[in-house]
Amino acid sequence: MTRALLRTIVGRKGSFFGTAGVTLAAVIVVAVVLVVVHTLRPGRNPSIGGQPMLDGVSGAVWLLGGVGAIVIGALAGSYDVAQGTMRYLVLTGVRRIVLYTSRTLALLLAVLLALAPALLVGLVLVFVLPSEPEAHVKPSELGDVVWTCLLWPTVFAVIAMGIGSLLRSNGAAVAISLFFAFAAAPLLGLVHAASPAVGDLMLLPALDRVTGADEGAPLAAAALSVVVWVAAFWSAGAFRIARDEY
Amino acid sequence: MSTAEPIIRLAGVTKRFGRTVAVDDVTADVPRGRCLGWLGPNGSGKTTLIRCMLGLARVSAGTIHVRGREVPKDVRHALSGVGAIVEEPRFYPYLTGKRNLEVAAGFVGHEAFARIDAALARVDLTGAADRAVKKYSLGMRQRLGVARSLLTDPELLILDEPSNGLDPAGMAEFRQMIRSFVEQDGRTVFISSHLLDEVEKIADDIAIVQAGALVVHGTVAELVAGGAATVRLRVDDLERARSVLGGLRFVTAVEEREPSALDVSLERVDDESSIALTRALVEAGVGVAEVAQRRETLEERFLDITGERGEPRAEEDA
């Protein structure tokens, strides 16, 4: 069932291959820019690969991959209801919560598949392109970047799926999911001004902490906070799926 | 489960949306191996009832058993031998016909994958299987919907307005396919429609619903037999004929149909009554040009039951 649902997500070529293509293109652009600036001023930019490339890959995959993952997630949540295919999935008799859980797994796989080319190509370039010894990347740094590049997009993809499942329109699902990620979630950071302890448990500070920030809530509390945030949106979508009539 | 047990058992099924009663206390059994036409005008709750039977919507009261299992309590087992089209078949337009069936098969189980090619062949879509569904015509999508329904190797097919949007040739082809499911495969088909002509040609049994309530349920022959019977007379003097007929005790009603024709309702319409009627008129000096026994057609019966025949409109009277 997860495989079948993965097919429906991957089959939406605009969102899936768009995400994969744009993210990969961004990584290549980063590499080209590094080559150009190194060629123009080799003394000031001695390394192409290594740390500079890793920073570029991290930024490209985190940001563009994140946006793509949100679009993929929102559509995963809303598409079947908007298109009218949901009733044909439900009338197979499969329990709705099982369907929803399988869709979540399919979404996670789809996001990983969409980001994998950019991440793999980027990481290969980190090591293949020339770099000075001081710019060499440590395994722990590499792990941090991979973790960050995968966690942020998947977290926002699942949240977007929850939002999409609450709605019956693809456009609204994508728009509200992007609004949440780029406007509502940062605004929630303002809570920090009133209560630093609570502010640290808002989604973005907690995610920051879980992906390597030194300051903020204790790591376990931050991790739990991220889980609760994701679970809240996921459960809201699950509730709607379980209750709705099709 | 015994084969005598109905494949669908509806007991007091009611579905309300706020104050609106979409399905009103429907009780009916659908026997196995036959085609039942669930007939009613638009808005009479046909699709809502189907959605309840398939666990897509909850009933407000009553119980539904499909294949001996209660829906929605045991929906997984109940629907494991059911295929359905509700309102219209919907697909992932960006996937091919075959890929769409593979997605559906992923929900049904491994054995469903083995049925895909046969299902496509059955609905004559093998040649278009690798084409994206967005390039399919409406008729092709309907047929693909039927192919998807066959993936469960269903005992019961529930088809909601399946011939909507089909051209006459497509409808004829569709009818043939539905009959083959019943006659060749021994499946039960529950088909909803507002088109009497269509249902009459496909169904063995007919149920007529009006405003959510089941009004009549029986075989096509029973429904026709249950209709009103009259004798139509064409006479030269309507007034005198009316007065003569009014004096006959076996005449229950007289209605003027055309300038020179009367429809006469009798306690019993048979040759004996017709002869007695004619003799009385002739003896009273009324010239009789035509005597014809007639029984309500199924269409007239349907229109009577659903109240759609009505009186002529004012502008038509004018």
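Predicted model: local features only at pLDDT ≥ 70, side-chain atom pairs only at ≥ 80, totals over all residues.
Colleague: How many helices and strands in chain A?

Modeller: Eleven helices and zero strands. Reading from the N terminus, the elements go α-α-α-α-α-α-α-α-α-α-α.

Colleague: How do H1(A) and H5(A) cross?

Modeller: H1(A) covers residues 2–11 and H5(A) covers residues 96–128; their axes come within 8 Å and cross at roughly 50°. Angles from 65 to 115 degrees would count as roughly perpendicular and those under 35 as roughly parallel, and H1(A) and H5(A) are therefore oblique to each other.

Colleague: Left-handed or right-handed?

Modeller: The H1(A)–H5(A) crossing is right-handed.

Colleague: Which residues meet there?

Modeller: From H1(A), you have Thr2(A), Leu5(A), Leu6(A), Ile9(A) and Val10(A). On the H5(A) side they meet residues including Arg103(A), Leu105(A), Leu109(A) and Ala110(A). By class, that contact has nine nonpolar, two polar and one charged residues.

Colleague: Switching to chain B. How many helices and strands there?

Modeller: 13 helices and 14 strands. Let's take two of the sheets in turn. One is an open sheet of four strands with antiparallel pairing, in the order S2-S1-S4-S5 of chain B.

Colleague: Which strands are at the edges of that one?

Modeller: S2(B), residues 20–30, and S5(B), residues 69–71; each pairs on one side only. From one strand to the next, the twist averages 30°.

Colleague: How many bridges does S4(B) make with S1(B)?

Modeller: Five: S1(B), residues 8–17, and S4(B) pair in the antiparallel sense. Within that pair, Leu10(B) stands opposite Ile64(B). On to the next pairing: S4(B), residues 61–66, is joined to S5(B) by three bridges, again antiparallel.

Colleague: What sits between S4(B) and S5(B)?

Modeller: Two residues, in a hairpin; Arg67(B) in the turn has a positive phi of about 55°. Val66(B) stands opposite Arg69(B) of S5(B).

Colleague: And the other sheet, what's the strand order?

Modeller: That's an open sheet of six strands in chain B, running S6-S7-S8-S3-S9-S10, with mixed pairing.

Colleague: Why is one side of S6(B) and S10(B) left without a neighbour?

Modeller: Because S6(B), 82–85, and S10(B), 213–219, stand at the edges of the sheet and have a single partner strand each. Neighbouring strands in this sheet are turned by 15° against each other on average, direction ignored.

Colleague: Do tell me about S6(B) and S7(B): parallel or antiparallel?

Modeller: Parallel, with four bridges joining S6(B) to S7(B), residues 156–160. Ile85(B) has Leu159(B) in S7(B) as its bridge partner.

Colleague: Which strands does H1(B) touch when it packs on the sheet?

Modeller: H1(B), residues 46–53, touches S3, S7, S8 and S9 of chain B, and its direction makes about 145° with that of S7(B). H12(B), residues 298–306, packs on the sheet too. H12(B) touches S3, S9 and S10 of chain B, at about 30° to the direction of S9(B).

Colleague: Last topic, the interface. How many residues of chain B are in contact with chain A?

Modeller: 24 residues of chain B, against 21 residues of chain A. The elements giving two or more residues on the chain B side are H2(B), 75–79, and H3(B), 97–108.

Colleague: Which one gives the largest share?

Modeller: H3(B), with seven residues.

Colleague: What classes of residue does the chain B side have?

Modeller: 15 nonpolar, three polar and six charged residues on the side that touches chain A.

Technical notes. Residues numbered from 1 in each chain as written. Chains lettered and ligands numbered in written order. Pairing = 2+ DSSP bridges. Axes fitted to C-alpha atoms, helices over the stretch in contact; angles between N-to-C directions. Contact = placed C-beta atoms within 7 Å. Parallel < 35°, antiparallel > 145°, perpendicular 65-115°, else oblique. Left-handed = near helix turned anticlockwise from the far one by under 90°. Nonpolar A, V, L, I, M, F, W, Y, C, P; charged D, E, K, R; others polar.
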